[in-house]
Amino acid sequence: PTPPADHVEELWVQRPGEMPQPAGTFVVRTGTVTLTRPVKAGDTVLVTLEPGTGTATPTTTPFIGASV
């Protein structure tokens with residue numbers, strides 16, 4: 001589903017033992033999303049719903065998480 005008009009879905013990369021780092025925002029239109037931060041083995045990619053154009057730290061609980 002499309003996020004509310006004043007929100008975006010935001011990608012995060014979390015390395016073991018570290019806080020998630022922002023990795024881009026998106027609204028799915030084609031089924032493809034590009035991360036703006038490198039992902040290494042052991043990292044987790046997260047997706048949250050964030051206000052405005054995105055945030056420096058997650059403000060909501062991730063609704064998708066995938067370990068790499």
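Reader: Leaving aside neighbours within four places in sequence, which residues is Lys-40 in contact with?

Author: A contact list shows which parts of a fold meet. This is a predicted model. Here Lys-40 is in contact with Arg-15 and Val-68, once neighbours within four places in sequence are set aside.

Reader: Where is Lys-40 found, and is Lys-40 buried or exposed?

Author: Lys-40 is found in the loop between strand 2 and strand 3. Its relative accessible area is 51%. The cut-off for exposed is over 50%, so Lys-40 is exposed.

Reader: How far apart are Lys-40 and Gln-14 in sequence and in space?

Author: Read the two separations together. Lys-40 and Gln-14 are 26 residues apart in sequence. From C-alpha to C-alpha, the distance in space is 9.8 Å.

Reader: Arg-15 came up as a contact of Lys-40. With which residue does Arg-15 form a salt bridge?

Author: Start with the general idea. Side chains of opposite charge can pair when their charged atoms come close. In this model, Arg-15 forms a salt bridge with Asp-43. Their closest N and O atoms are 3.2 Å apart. Which parts of the chain does the pair link? Arg-15 sits in the loop between strand 1 and strand 2. Asp-43 sits in the loop between strand 2 and strand 3. The two are 28 residues apart, and the pair links distant parts of the chain.

Reader: How many salt bridges does the structure hold?

Author: The structure holds 1 salt bridge.

Reader: Is Asp-43 buried or exposed?

Author: Check each partner separately. Asp-43 has 2% relative accessibility, so it counts as buried. Arg-15 is partly exposed, with a relative accessible area of 23%.

Reader: What does Phe-26 touch, not counting residues up to four places away in sequence?

Author: Take one core member and trace its contacts. Phe-26 touches Val-8, Glu-9, Glu-10, Leu-11, Val-33 and Val-47, with residues up to four places away not counted. Among them, Leu-11 and Val-47 belong to the core as well.

Reader: Which residues form a nonpolar patch on the surface?

Author: Leu-35, Val-39 and Val-68 form a nonpolar patch on the surface. Together they have about 210 Å² of accessible area. Val-39 is in the loop between strand 2 and strand 3. At 31% relative accessibility, Val-39 counts as partly exposed.

Reader: Next, polar contacts. With which side chain does the side chain of Thr-55 make a polar contact?

Author: Name both partners and the distance. The side chain of Thr-55 makes a polar contact with the side chain of Glu-50, at 3.3 Å. The Thr-55 side chain also reaches the backbone oxygen of Thr-57, at 2.7 Å. Thr-55 is in the loop between strand 3 and strand 4 (64–67).

Reader: Is Thr-55 buried or exposed?

Author: The cut-off for buried is under 20%. Thr-55 has a relative accessible area of 19%, so it is buried. Not counting residues up to four places away, Thr-55 touches Glu-10, Trp-12, Pro-22 and Glu-50.

Reader: What about Ala-56: buried or exposed?

Author: Ala-56 counts as exposed, at 62% relative accessibility. Ala-56 is in the loop between strand 3 and strand 4. Leaving aside neighbours within four places, Ala-56 is in contact with Trp-12 and Pro-22. Thr-55 touches Trp-12 and Pro-22 too.

How values were computed:
Residues are numbered from 1 along each chain as its sequence is written. This is a predicted model: local features need pLDDT of at least 70, side-chain atom pairs count only at pLDDT 80 or more; totals for chains, interfaces and linings use all residues. Side-chain values use heavy atoms; hydrogens and water are left out. A nonpolar core is a set of buried Ala, Val, Leu, Ile, Met, Phe, Trp, Tyr and Cys residues joined through side-chain atoms within 4.5 Å. Buried means under 20% relative accessible area, exposed over 50%, partly exposed in between (1.4 Å probe, protein chains only). Contact means heavy atoms within 4.5 Å. Helices (H or I, at least four residues) and strands (E, at least two) are DSSP runs, numbered from the N terminus. A polar contact is a pair of N or O atoms within 3.5 Å; within protein, one must be able to donate a hydrogen and the other to accept it, and residues adjacent in sequence count only if both atoms are side-chain atoms. A salt bridge is a side-chain nitrogen of Lys or Arg within 4 Å of a carboxyl oxygen of Asp or Glu. Patches are made of residues with over 30% relative accessible area and no salt bridge: like charges are joined within 9 Å, nonpolar side chains (Val, Leu, Ile, Met, Phe, Trp, Tyr) within 5 Å. Accessible areas come from the Shrake-Rupley method with a 1.4 Å probe; for residues, only the protein chains shown count as cover.
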